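The structure is shown first.

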Amino acid sequence: MKELIAYFSRIGENYVNGTIKPLKVGNTEVVANMIRNSTGANMFKIVPQVSYSDNYNECIDEAQEDQRRNARPELTEYPESLDEYDVIYLGYPNYWGTMPMCVFTFLERFDFSGKTIRPFCTHEGSGMGSSVSDIKKLCPNAEVESGLALHGATVSTAGLSVKKWLK
């Protein structure tokens, strides 16, 4: 069984336990690396051609505007194919109750028929939001499993939660 971790993560200012703090590695990337260390899965970072601002408040405004417009931001690159993968771990921060719109772009690019999608997200209190149902709508022929929602401020100590979820 071949596995891929596809994730979007953002560095720069982030909201952490009620304050704005700069991150050198995004919370979702921290979790993606934990999954890779446990599974050996290949990794693909979802990177929009136009990055969100490093400024937290500007970023959330940009993300909300993308959602309002139902935007599909182009990515800097795409995997050539996902045919070889059986399981896709799909990671993202919860932006305005769901995935960032660049993750929608990624999901709409490929046929996930017969694949298992295991979503995981980081958040500051909003959990998975509607992201799992959004993934099911975008990938109706995939098996979409229950997601793992991790509080962004605690991802550095989430190893046990990640391992339990992987089993």
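## Terms and basis

Contact here means heavy atoms within 4.5 Å. Helices (H or I, at least four residues) and strands (E, at least two) are DSSP runs, numbered from the N terminus. A residue is buried under 20% relative accessible area, exposed over 50%, and partly exposed in between (1.4 Å probe, protein chains only).

The model is predicted: local features need pLDDT of at least 70, side-chain atom pairs count only at pLDDT 80 or more, and totals for chains, interfaces and linings use all residues. Residues are numbered from 1 along each chain as its sequence is written, and side-chain values use heavy atoms, with hydrogens and water left out.

## Helix 5 and its surroundings

Helix 5 spans residues 159-166, and its buried residues are Val162, Trp165 and Leu166. Viewed down the helix axis, these buried residues fall within an arc of 100 degrees (taken from the directions from the axis to the C-beta atoms), so they line one face of helix 5. The exposed residues Leu160 and Lys164 sit on the face turned away from that buried side. The cover over the buried residues of helix 5 includes helix 1, strand 5, strand 6 (116-123) and strand 8 (148-151).

Helix 1 packs on helix 5 at an angle of about 55 degrees, with the axes 10 Å apart. Axes are lines fitted to C-alpha atoms, for helices over the stretch in contact, and angles run from 0 to 180 degrees between N-to-C directions. Helix 1 and helix 5 are therefore oblique to each other; angles under 35 degrees count as roughly parallel, over 145 as roughly antiparallel, 65 to 115 as roughly perpendicular and the rest as oblique. The crossing of helix 1 and helix 5 is right-handed, a term for the near helix being turned clockwise from the far one by less than a right angle, anticlockwise being left-handed. Helix 1 contributes Val31, Met34, Ile35, Ser38 and Thr39 to the contact, and helix 5 contributes Gly159, Val162, Lys163, Trp165 and Leu166.

## Salt bridges

The whole structure holds eight salt bridges, each a side-chain nitrogen of Lys or Arg within 4 Å of a carboxyl oxygen of Asp or Glu. One of them pairs Lys45 with Glu29, with the closest N and O atoms 3.1 Å apart. Lys45 belongs to strand 4 (residues 42-45) and Glu29 to helix 1 (residues 27-39), so this pair ties together parts that are 16 residues apart in sequence. Lys45 is partly exposed at 31% relative accessibility, whereas Glu29 is buried at 17%.

Glu108 and Arg72 form another salt bridge, with a closest N to O distance of 2.8 Å. This pair links distant parts of the chain, 36 residues apart: Glu108 is in helix 3 (residues 101-109), and Arg72 is in the loop between helix 2 (56-68) and strand 5 (87-93). In helix 4 (residues 131-138), Asp134 and Lys137 are three residues apart, about one helical turn, and their side chains meet at 3.9 Å, N to O. Asp134 is buried at 12%, while Lys137 is exposed at 64%. Salt bridges with shared partners also join Glu65, Asp66, Arg68 and Arg69 into one network.

## Positive phi values

Most residues other than glycine have a negative phi. Asn70, not a glycine, has a positive phi of about 55 degrees. Asn70 lies in the loop between helix 2 and strand 5 and is partly exposed at 48%.

Trp96 also has a positive phi, near 55 degrees. Trp96 is in the loop between strand 5 and helix 3, and is partly exposed at 42%.
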